[in-house]
Amino acid sequence: VNQFVRASCEDGHSFIRSSSYRLLDSKRQITLRPKVSRTARTTENQKPFHQFPGETLKEPSIFSHYILNLPASALTFLPNFIGLYNGHDHLFHPHVAVKLPMIHVYCFSTKSDDNRAEEAKICGEIGRQLGYEFEGTGDAEMEIWDVRDVAPQKRMFCASFRLPAEVAFRKVVPRAVDS
């Protein structure tokens, strides 16, 4: 597992940016070697394990999915995606086959029979956090689904959408620091 997983202890807001930048610069690759059981080896195939051919995998330079699974506060992490790939548009479609990442954000809302009002509210809040107006839910831009009830008048939802290019490539103006 240690070849594939990297642990981190960092604030979630800064982690979105720092992990994305580290991945952009990563040149890491690993070689997967086939596992050969001792009983499967034949007399003519007695090579040591390290001599079997393997497959080399290169770590992608872009995350394909972000999952924000802190329903009480996940929506507040969305502004960290604004300008995340500013200056890197050449790494994405239409220049290459790589699409901007999908974002899956869990959140709480009220409860109703058809969830229409809740979906509109969630879509609106995501748009507000990103400074972007989504066309709506249930289409190609965003899908929102009911995950489960968490209290008599409260539901957990998950909204999935592709990071809009207008948000990902936006130039971010640093805020002035109070002295």
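Biologist: What does Asp 146 count as at 33% relative accessibility?

Modeller: This is a predicted model, where local features need pLDDT of at least 70 and side-chain atom pairs pLDDT 80 or more, while totals for chains, interfaces and linings use all residues. Residues are numbered from 1 along each chain as its sequence is written, and side-chain values use heavy atoms, without hydrogens and water. Buried means under 20% relative accessible area, exposed means over 50%, and partly exposed is in between (1.4 Å probe, protein chains only). At 33%, Asp 146 is therefore partly exposed.

Biologist: How far apart are the closest N and O atoms of Arg 155 and Asp 146?

Modeller: The two form a salt bridge (a side-chain nitrogen of Lys or Arg within 4 Å of a carboxyl oxygen of Asp or Glu). Arg 155 has 12% relative accessibility, so it counts as buried. Its closest approach to Asp 146, N to O, is 3.2 Å.

Biologist: Which residues do salt bridges that share partners join into one network?

Modeller: Arg 155 also meets Asp 149, at 2.8 Å from N to O. Asp 149 is partly exposed, because its relative accessible area is 40%. Shared partners link up one network of Lys 111, Asp 146, Asp 149 and Arg 155.

Biologist: Which helix holds both Arg 128 and Glu 125?

Modeller: Arg 128 and Glu 125 form a salt bridge, with 2.9 Å between the closest N and O atoms. Arg 128 is exposed at 56% relative accessible area, and Glu 125 is partly exposed at 23%. They lie three residues apart, about one turn. Helices are DSSP runs of H or I with at least four residues, strands are E runs of at least two, both numbered from the N terminus, and this one, residues 116-130, is helix H2.

Biologist: Is Ser 18 buried or exposed?

Modeller: Ser 18 sits in helix H1. Its side chain makes a polar contact of 2.5 Å with that of Glu 10 (N or O atoms within 3.5 Å, one able to donate a hydrogen and the other to accept it; residues adjacent in sequence count only if both atoms are side-chain atoms). Its relative accessibility is 19%, so Ser 18 is buried.

Biologist: Which are the edge strands of the open sheet?

Modeller: Four strands run in the order E3-E4-E6-E5, with mixed pairing. Strands pair if DSSP finds at least two bridges between them; E3 and E4 have four, in the parallel sense. Leu 68 stands opposite Val 105 in E4. Two strands pair on one side only: E3 and E5.
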